[in-house]
Amino acid sequence: MTIPARSRKRPAVLPKTHTTSTRSAWKSSSSSSVSGRLCVLLAALFCFASFSLLPILVLDRHSGTLPIHSFASTGAAPPTTTTASGGGGSSSRTHDTRPLRVPVSVHNLIGKTEHILAQQVDKIVRHPTPKIPPLTVDAIPEPEQRDPQVDLSSGLPKAIPTHIDELHPDPSDWTTTQPVARGVAGRTLEQTPALVGAQRAHIECDVNVDSLAYWNDPQGTRDATNLLSSSPFAVPTDQTRYITFSPDHGGWNNIRMSMEIIFIIAAVTGRTLVLPPKEPLYLLHHGQGSKHRGFGDFFPLNSAEFQKRVNVISMEEFLARNVVTIPPEQKTAILAAADHCDKRKLSSSSCGPIVDFLNDVGHNPGLSALHSCLVFDQDKYADETGNVQLDPEVQEYVHEVCGPKRDVIYWTAERNEPLLLHFHADEKGYRLLSHFYSMIHFTDPALENQVKRFVRDFLHYHDSIYCAAGKIVKAVQAEAVTRGFAVDPNGAGAYSALHVRRGDLQYKKVKIPAVEWYENTKELWQEREILYVATDERNHTFFDDLAIHHDLRYLDDYWDLAGLQDLDPNYMGMIDTIVASRGRIFAGTWFSTFSGYINRLRGYHGMSMMDSWYSFLPKKTAVHEWKTVDTMVYAYEYPDGWIGIDGDERPTRDAF
């Protein structure tokens, strides 16, 4: 997950050693003296000469020759036969692998080295390399000479709003007057019976930012009465069965993807979901207080409507119910970790004992996103013989979405039998690193769409996160309006956005410099358009090669306005996600699940994927085509997750 800078104010002066723009390289090149370059070359040639003389030390003392294929050769190797193949056949031929010896003259070696050295010295002294004319980047003032309140591209003072009174809030009747079918994601009311009785959600905030809510609250009448927990795959209502899980150990969006899959299985099977103890999550342990975080810190899991869909309890409550017996010798360590735990083994509240305990007493479903394609089919679920054959049309659908590389696993009554299912999502062989709509499929499209609505309408961030993000969106838009840009009817646009992942992303080829970001995306942006940059890059001079063309804005620019100092510092990346999702155009970092989630939020709002791009040229238009995905996917999101999900049929792919 991308975590932006946490400092309240970005300092106006940054160390020169951290400046990464090409300006420094050109400056260094143009100011290098002839003598300096000569010294470097002399040193290099000295090393060359030294290594050239090394073979003298290993000359054969008897023959005065040098074995050129190996300095350490001390005898003849026997001939070998090798087979060379190519084209349509192969041939065998014999090679003598004994070291080839050639006469060597020490005097000649030294003389040749002296000759090369003299040539290079003469070339530098008499014909010095001409100075390269400076690029326009040299016009960028040094960090210590800049006014942080002035834009590099225009040289004009920034007009960032500083008080909420300067913002343009949404109309007070937004939730009741706006259609619940959103943009290209929606369909006509006749095609979306699930929306009957639904209403756009309201966000609790001191500024009306309801246009940021992509979810419905309440849901349609049908979803509110025909709950997922009463699906054909639910456990008997007179029994209580449970699901526990260990969170993924990756970044936040990896954790979120795994969580969505487990929450869906709990909702569809009617099982009680036991939340794991709070723990320090990867890159989510900022702040002066406790480093422990749980899913309830980010999602409204305790709301009455959510509890109707999934009964969620804490690990402490689960253990207090004595559903499973705790061995006496383990009880102290397990109970000490029930509320929150640490990953350190020597901690008095280490996560280890409780993870090991759940691994022992829970039934492992054996699912992994890499190898498993989980299918819910009512006939297969009720089949006790294992001989039920699906309709050819259903079989074709399953083959299409699961593909040849994954095992098709049907959720059966037998799989649903154990009292406690425990998902080992923290282990490599059982990671659920995939989008839920890529791994889980329903042969009944109406039920599949209901599951997708459940994720959209309930697994969204807390209102406090959306309130802060909404203030920033409104602030960027207020400044953009003064430049002649307009907010669209859905409350988005007037600015565009980028997600520039730097940090610990392991895919180095997509971590490109700012000058490439500009070159690869420059045709997307409008003149004088503000670009909001969601990033984990703390040194904003990295973006100088982009900032000389467009006015850039960052999360830090709105610290006081949005009251970010009063929020959990671990919310900052989530706020960045939301602000970037409301831009007119979005360009992301390929392979980043952070960029992928931004695209999903845009999709929920009904924004077209034709307005989303990637900075990595080979994948620049990756989301401009709606392909059938039949493998594990996490690098990007695609319209299966949001297009037409309010209907009872699988949507056509004519608009996305």
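**Close-up 1. An open sheet of 3 strands in the order β9-β8-β11, with parallel pairing.** The strands at the edges, β9 (407-410) and β11 (440-442), each pair on one side only. From one strand to the next, the twist averages 30°. Strand β8 (residues 372-376) pairs with β9 in the parallel sense over 4 bridges, and C373 stands opposite V408 in β9. Helix α6 (residues 252-269) packs on this sheet and touches β8 and β11, its direction making about 35° with that of β11. Strands (E, at least two residues) and helices (H or I, at least four) are DSSP runs numbered from the N terminus; two strands pair if DSSP finds at least two bridges between them. Contact means heavy atoms within 4.5 Å; angles run from 0 to 180 degrees between N-to-C directions of axes fitted to C-alpha atoms, for helices over the stretch in contact.

The model is predicted, with local features needing pLDDT of at least 70 and side-chain atom pairs 80 or more, while totals for chains, interfaces and linings use all residues. Residues are numbered from 1 along each chain as its sequence is written, and side-chain values use heavy atoms, without hydrogens and water.

**Close-up 2. An open sheet of 5 strands in the order β14-β13-β12-β15-β16, with parallel pairing.** Because β14 (552-553) and β16 (612-614) each have a single partner strand, one side of each is left without a neighbour in the sheet. Strand β13 (residues 531-535) pairs with β14 over 2 bridges in the parallel sense, and Y532 stands opposite R553 in β14.

**Close-up 3. R293, in the loop between β6 (272-274) and α7 (304-309).** R293 counts as buried because its relative accessibility is 10% (buried is under 20% relative accessible area, with a 1.4 Å probe and protein chains only).

Definitions and conventions. Buried < 20%, exposed > 50% of the residue type's maximum accessible area, 1.4 Å probe, protein only.
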